[in-house]
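Let us go through this model by question and answer. Have the sequence and the structure open.

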Amino acid sequence: MVGKVLLLAAAGAGYVLGARAGRERYEQISSSVSRLWGNPKVQSRVVDLEDKAGDLARQAGSVAQEKVGAAAGSVAGSVKDRFSGGSNGAGSGSALGDQHHTRMPTD
């Protein structure tokens with residue numbers, strides 16, 4: 001409750017101060033940000049970070065692909081083991097035994 005009241009008070013103060021500063025101050029801030037963003041050093045750093053982010057995304061994709069492949073292989077092996085040999089798929093002691101078949105609904 002105290003956090004909400006503090007947030008509302010801060011938002012109100014920001015609104016009042018922002019309204020007093022007016023359009024001229026907004027233009028000054030906007031101009032400063034534009035100059036900063038257009039700075040060649042900043043842009044160089046942005047390009048470096050974009051490249052690094054792309055590399056990390058590719059690495060994460062490769063790791064995810066390997067893990068999904070391994071999990072799929074494990075599941076396929078488990079299903080294959082379950083339906084061939086060791087178990088009949090219906091569980092031990094099932095009255096249906098090998099005669100149990102699941103029918104898929106048709107449209």
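Q43 lies in helix 2. This is a predicted model, where local features need pLDDT of at least 70, side-chain atom pairs count only at pLDDT 80 or more, and totals for chains, interfaces and linings use all residues. Residues are numbered from 1 along each chain as its sequence is written, and side-chain values use heavy atoms, with hydrogens and water left out.

Student: How far is the backbone oxygen of W37 from a polar atom of the side chain of Q43?
Tutor: A polar contact is a pair of N or O atoms within 3.5 Å; within protein, one must be able to donate a hydrogen and the other to accept it, and residues adjacent in sequence count only if both atoms are side-chain atoms. For the backbone oxygen of W37 and the Q43 side chain, the distance is 2.5 Å.

Student: Which backbone nitrogen does a side-chain oxygen of N39 reach at the start of helix 2?
Tutor: Helices are DSSP runs of H or I with at least four residues, numbered from the N terminus. Helix 2 covers residues 40-83. At its start, the N39 oxygen comes to within 2.8 Å of the backbone nitrogen of K41.

Student: What span does helix 2 reach from its first C-alpha to its last?
Tutor: The expected span is 1.5 Å times one less than the number of residues. Helix 2 has 44 residues, and 64 Å is expected. The model comes close to that, at 64 Å.

Student: Which residue forms a salt bridge with D55?
Tutor: A salt bridge is a side-chain nitrogen of Lys or Arg within 4 Å of a carboxyl oxygen of Asp or Glu. A search of the whole structure finds one. D55 is partly exposed at 40% relative accessibility. Its partner, with the closest N and O atoms 2.6 Å apart, is R58.

Student: How many residues apart in helix 2 are D55 and R58?
Tutor: An α-helix has 3.6 residues a turn, so residues three or four places apart point the same way. D55 and R58 are about one turn apart. Their separation is three residues.

Methods: Helix = DSSP H or I, 4+ residues; strand = E, 2+ residues; numbered from the N terminus. Buried < 20%, exposed > 50% of the residue type's maximum accessible area, 1.4 Å probe, protein only.
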